[in-house]
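Colleague: Hi! Could you walk me through this one? I have a few quick questions.

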Amino acid sequence: MRCRRLGLGVGFCLLAGVGLWALWVFADSWLPVSYLPYYLPCPEIFNMKLQYKGERPFQPVAQLNYPQPKLLEQRPTELLTLTPWLAPIISEGTFNPTLLHSIYQPLNLTIGLTVFAVGRYMYFVQHFLETAEAFFMQGYRVHYYLFTDNPAAVPHVPLGPGRLLSVIPIQGHSHWEEISTRRMETISQHIAKRAHLEVDYIFCLDVDMVFRNPWGPETLGDLVAAIHPGYYAVPRQQFPYERRHVSTAFVGDNEGDFYYGGAVLGGRVARVYEFTRGCHMAILADKANGIMAAWQEESHLNRRLITHKPSKVLSPEYLWDDRKPQPPSLKLIRFSTLNKDTNWLRG
């Protein structure tokens, strides 16, 4: 009797096991059951396909009244290190060059540099390139773009490994103001046609200047501008902005952060393209109305930098004037304009 009951029990267990197995197979094959909701609050995320989205267009800053940032706000011998919009102000002592080199060197970057040598400004090309080879972005690939109306006069300057010079012919103009206002157009068109395929970052510098100390990856950023050496310690009411309301470069008395020099502009190639294109469109609008801004492209550059603020600001050590004595607030000079006869150059 006990053996019979034991046999029935074993048989019943086997039958139940087979039934449960069959039920599991049926449910797994035919019923739309998902166990994921019991374990995860948002299981649908695993079925999403991530799609790359391009960078959102840069949104200009609204016009606001706020106190002017002062480069010498702390002490007369110490420079401000951060703008009110949290952009770093680069000067000697604010960065570790060895650390930055170890970060940027593996990125295998190519840095572009545009420079214009029209008319008698060809005189400065050799010294500019020689000092750039000594101090500009050492250890990185560099592509110089030299725009000139006299390609045959470009001097031969030996370049280091990974450093190239492209000479790009442009039309000369009889008036230096016309040359100045056309620069933004030339740069934006060159980036669109060629430079965006060849470089990661690009700087637009004046040719009548020289490098005196290392200029390295501490200057790399989305949009980079340099504070003018003549106006870093004066209130913005004294900045030489365009003050005529009829110009697109107009700046009110209570607007502006720093007065930036037109001799230095840089950043990621796409941002520099958008910036120079915007300046060019504003210059065209003025030209259509028979207006030329007070300081040509520099006036438009400063107007645009109020609403399109730079992500990194270079102190005047990256844009100095040799006619001025070096102040205690600047520990060294990296890039400076030469003392020259402006009337002869523009004659």
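Modeller: Happy to. Keep in mind that this is a predicted model.

Colleague: Which residues of H6 are the buried ones?

Modeller: They are Gln296, Glu297, Glu298, Ser299, His300, Leu301, Asn302, Arg303, Leu305, Ile306 and Thr307. Leu301 comes up again, as one of the residues that line the second largest cavity.

Colleague: Oh, cavities. How many of 30 Å³ or more does the structure hold?

Modeller: Two cavities reach that volume.

Colleague: How do the lining residues of the second largest cavity divide into nonpolar, polar and charged?

Modeller: Five are nonpolar, one is polar and one is charged.

Colleague: Let's stay with S8 for a moment. How many of its residues are buried?

Modeller: Eight of the nine residues in S8 are buried, so the strand is mostly covered.

Colleague: Which strands does S8 pair with?

Modeller: Strand S5 (residues 201-205) runs antiparallel to S8, and five bridges join them. Ile202 has Gly267 in S8 as its bridge partner. Strand S7 (residues 223-227) also pairs with S8 in the antiparallel sense, over four bridges. There, Val224 stands opposite Gly266 in S8.

Colleague: Nice. Back to H4, then: is Arg182 buried or partly exposed?

Modeller: Arg182, which has its place in helix H4, counts as partly exposed because its relative accessibility is 30%.

Colleague: What does the side chain of Arg182 make a polar contact with?

Modeller: With the side chain of Glu185, at 2.6 Å. As a general point, an α-helix has 3.6 residues a turn, so residues three or four places apart point the same way.

Colleague: How far apart are Arg182 and Leu284?

Modeller: In sequence they are 102 residues apart, and in space 9.7 Å, C-alpha to C-alpha.

Colleague: Change of topic: where does Thr148 lie?

Modeller: Thr148 lies in strand S3, residues 141-148. Thr148 counts as buried because its relative accessibility is 0%.

Colleague: What does the side chain of Thr148 reach?

Modeller: The side chain of Thr148 reaches the backbone nitrogen of Asn150 at 3.0 Å. Leaving aside neighbours within four places in sequence, Thr148 is in contact with Ala117, Met122, Val154, Val167, Ile168, Pro169 and Ile170.

Colleague: Last topic. What is the strand order in the open sheet of three strands?

Modeller: The order is S6-S11-S10, with mixed pairing. Strand S6 (209-211) and strand S10 (320-321) stand at the edges with a single partner strand each, so one side of each has no neighbour in the sheet.

Colleague: How many bridges join S6 to S11?

Modeller: Three bridges join S6 to strand S11 (residues 335-337), and the two run antiparallel. For example, Val210 has Ser336 in S11 as its bridge partner.

Colleague: Great, thanks for the tour!

Key
Residues numbered from 1 in each chain as written. Predicted model: local features only at pLDDT ≥ 70, side-chain atom pairs only at ≥ 80, totals over all residues. Heavy atoms only, no water. Buried < 20%, exposed > 50% of the residue type's maximum accessible area, 1.4 Å probe, protein only. 1 Å grid on protein atoms, 1.4 Å probe; cavity = no way out; pocket = protein on both sides within 12 Å on 5 of 7 lines; lining within 4 Å. Points joined across faces, edges and corners; volume = space filled by probe spheres on them. Nonpolar A, V, L, I, M, F, W, Y, C, P; charged D, E, K, R; others polar. Polar contact = N/O pair within 3.5 Å; in protein donor to acceptor, adjacent residues only side chain to side chain. Contact = heavy atoms within 4.5 Å. Pairing = 2+ DSSP bridges.
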